[in-house]
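Here is a friendly walk through one model, with its rings, its helix packing and a few loop residues in turn. Have the viewer open and follow along.

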Amino acid sequence: MWWTSPLEDENGNLIMVTGRGDIDKFRSNPKFKIRVTVTIPYKAISSGMPTDEEADQLQAIADSFDTVLKADPVAVLTGIYTGAGERQMVFYTLSTNIFNKKLNLALEPFPLLPLTITAENDPDWEEYDEMRSLSEIN
C-alpha cells in the first residue's frame with residue numbers, strides 16, 4: 001500500500017512524497033536499522049517536477065528496485081521524494097554492503113547515473129515517522 005502527498009520544501013518548491021504503508025514486517029525486525037537514501041537528479045520543468053521522459057526513467061528505476069528486492073528482501077523502499085529537480089529514494093536495509101550489491105543489480109540496465117548515496121543508522125525509523133507526520137498520514 002502506497003500513498004502520495006504534496007508538500008513544500010523550505011524554499012517553497014513542490015515536493016511529491018510517496019510513502020509505503022505495508023512495512024510492519026520490516027520495521028519490527030531490528031536488523032533493518034540502516035537508512036540509505038539514493039538521490040537522482042533529473043531535468044525538471046518549471047514546477048520542479050521531471051519531464052515526461054525523466055518521469056518514465058525514474059519509474060523504471062523504482063520498478064527495477066522493486067523487482068530486485070522482491071527476489072531478495074534485504075532492504076525495503078519506504079519513501080520517495082520527487083521535486084526541485086531530484087528524486088530521493090529512502091530504503092531501510094540490513095547491511096550497506098548487501099544493499100550496494102542490490103543497488104548495482106537494480107541499476108545495471110540503466111545508463112550511468114549521477115547518484116548521491118548516504119547511509120545512516122536509524123534503528124527507530126525516525127525518517128519514516130517524520131515523513132508520515134509531514135504528510136499527515138496516520
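## Ground rules

Two residues are in contact here when they have heavy atoms within 4.5 Å of each other. With that cut-off in hand, take Gly85: leaving aside neighbours within four places in sequence, Gly85 is in contact with Ile40, Pro41, Tyr42, Ala44 and Gly48.

The model is predicted, so local features need pLDDT of at least 70 and side-chain atom pairs count only at pLDDT 80 or more, while totals for chains, interfaces and linings use all residues. Residues are numbered from 1 along each chain as its sequence is written, and side-chain values use heavy atoms, with hydrogens and water left out.

## Aromatic pairs

How many aromatic pairs does the structure hold? There are five aromatic pairs. Rings of Phe, Tyr and Trp (its six-membered ring) pair if their centres lie within 6.5 Å; planes under 30 degrees apart are stacked, over 60 edge-to-face, and the rest tilted. The ring centres of Phe26 and Phe32 are 5.2 Å apart and the planes meet at 80°, so this pair is edge-to-face. Trp125 and Tyr128 also form an edge-to-face pair, with 5.9 Å from centre to centre and 80° between the planes. Ring pairs also link Phe65, Phe91 and Phe99 into a cluster.

Phe26 has a relative accessible area of 8%, so Phe26 is buried. Phe32 is at 5% and therefore counts as buried. Trp125 is buried because its relative accessibility is 1%, and Tyr128 is buried because its relative accessibility is 2%.

Helices (H or I, at least four residues) and strands (E, at least two) are DSSP runs, numbered from the N terminus. Two packed helices are described by the angle between their axes and the distance between the axes. Axes are lines fitted to C-alpha atoms, for helices over the stretch in contact, and angles run from 0 to 180 degrees between N-to-C directions. Helix α2 (residues 52-71) and helix α3 (residues 96-107) pack at an angle of about 130°, with their axes 8 Å apart. Angles under 35 degrees count as roughly parallel, over 145 as roughly antiparallel, 65 to 115 as roughly perpendicular and the rest as oblique. Helices α2 and α3 are therefore oblique to each other.

Which residues meet where α2 and α3 touch? From α2 come Ile61, Ser64, Phe65, Val68 and Leu69, and from α3 come Phe99, Lys102, Leu103, Leu105, Ala106 and Leu107. By class, this contact has nine nonpolar, one polar and one charged residues. Ala, Val, Leu, Ile, Met, Phe, Trp, Tyr, Cys and Pro count as nonpolar, Asp, Glu, Lys and Arg as charged, and the others, Gly among them, as polar. Lys102, in helix α3, is buried because its relative accessibility is 15%. Not counting residues up to four places away in sequence, Lys102 touches Val68, Leu69, Asp72 and Val74.

Thr96 also belongs to helix α3. Its relative accessible area is 41%, so Thr96 is partly exposed. Beyond its neighbours within four places in sequence, Thr96 is in contact with Ile34, Val36 and Ala119.

## Loop residues

Ala84 lies in the loop between β4 (75-83) and β5 (86-93). Ala84 has a positive phi of about 55° although it is not a glycine, and at 39% relative accessible area it is partly exposed. Gly85 is in the loop between β4 and β5 and is buried at 15%. Trp125, in the loop between β6 (116-121) and α4 (126-134), has a positive phi near 55° as a residue other than glycine.

Asn13 sits in the loop between β1 (2-8) and β2 (14-20) and is partly exposed at 28%. Leaving aside neighbours within four places in sequence, Asn13 is in contact with Leu7, Glu8 and Ala84. Asn13 and Ser47 are 34 residues apart in sequence and 7.7 Å apart in space, C-alpha to C-alpha.

Definitions and conventions: Buried < 20%, exposed > 50% of the residue type's maximum accessible area, 1.4 Å probe, protein only.
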